[in-house]
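Open the model in your viewer and keep the sequence beside it. We will go from stop to stop, selecting as we go.

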Amino acid sequence: MLLGFAAVAAAAPLLAWGLYAVWGLTTRTVDRALTGLVLRRHQVGPRRSDVPMAVLASPWHLVAATLATMLSLLLPLAVAAVVAVVMSGLLTTSELAPGVGIAHPVAVGTGSLVGGWLGWWGLGSTSLRRGSRTLVRGIVPPGVATMVLVTLCLVGGGALVYWSLLDGDVVSWWPLPGGTTPLDYLPFGVR
């Protein structure tokens with residue numbers, strides 16, 4: 001999945017990070033709800049009111065998961081930006097690929113690869129991993145279906161990387177309006 005994420009980020013970074021945030025919100029909500037249910041059953045035993053109580057607590061789980069997701073995205077996004085700048089500078093100054101800017105698919109993809117890895121293994125990622133495992137196990141049955149999904153992620157990610165590198169110099173900043181980049185929204189004309 002990380003390769004697929006980095007490949008989508010090399011083509012459309014805002015879309016990739018938006019999907020990453022939605023996935024994080026969903027998995028953290030599932031993790032909080034499931035952990036709350038398990039702890040409740042451990043403390044007082046199984047009851048008929050377990051499911052209604054979980055449903056009543058779900059808005060709180062969503063709010064807490066939203067806050068956790070927003071905070072857990074700060075470091076991976078910052079590291080991804082720094083790695084993109086460093087990769088751009090390294091490729092340009094070493095003359096391996098002169099003219100590679102910060103918004104080049106190689107720089108953005110590499111930064112997103114490192115940022116995604118940090119988001120998966122870094123601070124606040126335990127609930128992301130537990131919730132992801134719960135969701136994937138619930139959606140994809142074990143065995144052949146799992147192997148097909150993993151193969152599709154790897155092949156699709158490789159194809160997107162190849163397409164991004166062939167397409168060349170620019171990434172798509174969709175859903176921003178055409179001709180604008182995130183740098184246009186920084187205060188004081190910083191670029």
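The tour below visits a helix, a group of rings and a surface patch.

This is a predicted model, in which local features need pLDDT of at least 70, side-chain atom pairs count only at pLDDT 80 or more, and totals for chains, interfaces and linings use all residues. Residues are numbered from 1 along each chain as its sequence is written, and side-chain values use heavy atoms, with hydrogens and water left out.

**Stop 1: helix α2**

Select residues 13–44. This is helix α2, with 32 residues. Helices here are DSSP runs (H or I, at least four residues), numbered from the N terminus. From first C-alpha to last, α2 reaches 46 Å, close to the 46 Å expected at 1.5 Å a residue. The expected span is 1.5 Å times one less than the number of residues.

Which residues of α2 are buried? Select Pro13, Ala16, Trp17, Tyr20, Gly24, Thr27, Arg28, Thr29, Asp31 and Leu37. Buried means under 20% relative accessible area, exposed over 50%, and partly exposed in between (1.4 Å probe, protein chains only). These buried residues pack against α1 (2–11), α3 (50–93), α4 (105–121) and α5 (126–139). Contact means heavy atoms within 4.5 Å.

**Stop 2: the rings**

Show the side chains of Phe5, Trp17 and Tyr20. They form one aromatic cluster. Rings of Phe, Tyr and Trp (its six-membered ring) pair if their centres lie within 6.5 Å; planes under 30 degrees apart count as stacked, over 60 as edge-to-face and the rest as tilted. The count by this rule comes to 3 aromatic pairs.

Begin with phenylalanine 5 and tryptophan 17. Their pair is edge-to-face, at 4.9 Å centre to centre and 85° between the planes. Phenylalanine 5 is in helix α1 and tryptophan 17 in helix α2, so the pair ties together parts 12 residues apart in sequence.

Move on to tryptophan 17 and tyrosine 20. This pair is edge-to-face too: 5.3 Å centre to centre, 65° between the planes. The two sit 3 residues apart in helix α2, so about one helical turn separates them.

**Stop 3: the surface patch**

Switch to a surface view. Select Leu2, Leu113, Val114, Trp117 and Trp121. Together they form a nonpolar patch with about 470 Å² of accessible area. Which helix gives the largest share of the patch? It is α4, with 4 residues.

Finish on tryptophan 121, in helix α4. Is tryptophan 121 buried or exposed? It is exposed, because its relative accessible area is 51%.

How values were computed:
Patches are made of residues with over 30% relative accessible area and no salt bridge: like charges are joined within 9 Å, nonpolar side chains (Val, Leu, Ile, Met, Phe, Trp, Tyr) within 5 Å. Accessible areas come from the Shrake-Rupley method with a 1.4 Å probe; for residues, only the protein chains shown count as cover. A salt bridge is a side-chain nitrogen of Lys or Arg within 4 Å of a carboxyl oxygen of Asp or Glu.
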